[in-house]
Amino acid sequence: NQAGALIHIYTDGAVLVTHGGTEMGQGLHVKMQQVTATALQVEMSRVFISETTSDKVPNASPTAASASSDMYGMAILDAC
C-alpha cells in the first residue's frame with residue numbers, strides 16, 4: 001500500500017493538509033490534524049484539511065479500518 005500527503009504552510013501560520021484518505025465518520029481528518037499539529041508544533045486550530053482529490057494526492061490506497069490512520073499519518077509526518 002502507498003500513501004501520500006501534501007502540506008501547505010502559509011505566512012499567517014495556517015497549515016493546509018491534503019491526504020489520500022476519505023473521511024467516512026471514523027475521525028480520520030481529526031487524527032490527521034492531530035498528527036500535523038504535533039509534527040509542526042502548532043495549535044490544532046491552525047491546521048485545515050482539504051478534501052481528498054486525486055489531482056493533489058494521486059494513486060491513494062483505499063480507506064480501510066485503522067490502516068488509513070497509520071498510512072496517511074506517516075505520509076503527513078514525512079511531508080512535515
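Trainee: Before we start, what are the ground rules here?
Mentor: It's a predicted model, so local features need pLDDT of at least 70 and side-chain atom pairs count only at pLDDT 80 or more, while totals for chains, interfaces and linings use all residues. Residues are numbered from 1 along each chain as its sequence is written, and side-chain values use heavy atoms, with hydrogens and water left out.

Trainee: OK, how many salt bridges does the structure hold?
Mentor: Two. The term means a side-chain nitrogen of Lys or Arg within 4 Å of a carboxyl oxygen of Asp or Glu.

Trainee: Which residue does Arg 46 pair with?
Mentor: Asp 12, at 3.8 Å from N to O. That pair links distant parts of the chain, 34 residues apart: Arg 46 is in the loop between α1 (28-40) and β3 (47-49), Asp 12 in the loop between β1 (5-9) and β2 (15-19). Helices (H or I, at least four residues) and strands (E, at least two) are DSSP runs, numbered from the N terminus.

Trainee: Is Asp 12 buried or exposed?
Mentor: Exposed, at 55% relative accessibility. Arg 46 is partly exposed at 29%. Buried is under 20% relative accessible area, exposed over 50%, partly exposed in between (1.4 Å probe, protein chains only).

Trainee: And what does Asp 55 bridge to?
Mentor: Lys 56, with the closest N and O atoms 3.4 Å apart.

Trainee: Switching to α2, which residues are buried there?
Mentor: Ser 68, Ser 69, Met 71, Tyr 72, Gly 73, Ala 75 and Ile 76.

Trainee: What covers them?
Mentor: The cover includes β1, β2 and α1, where contact means heavy atoms within 4.5 Å.
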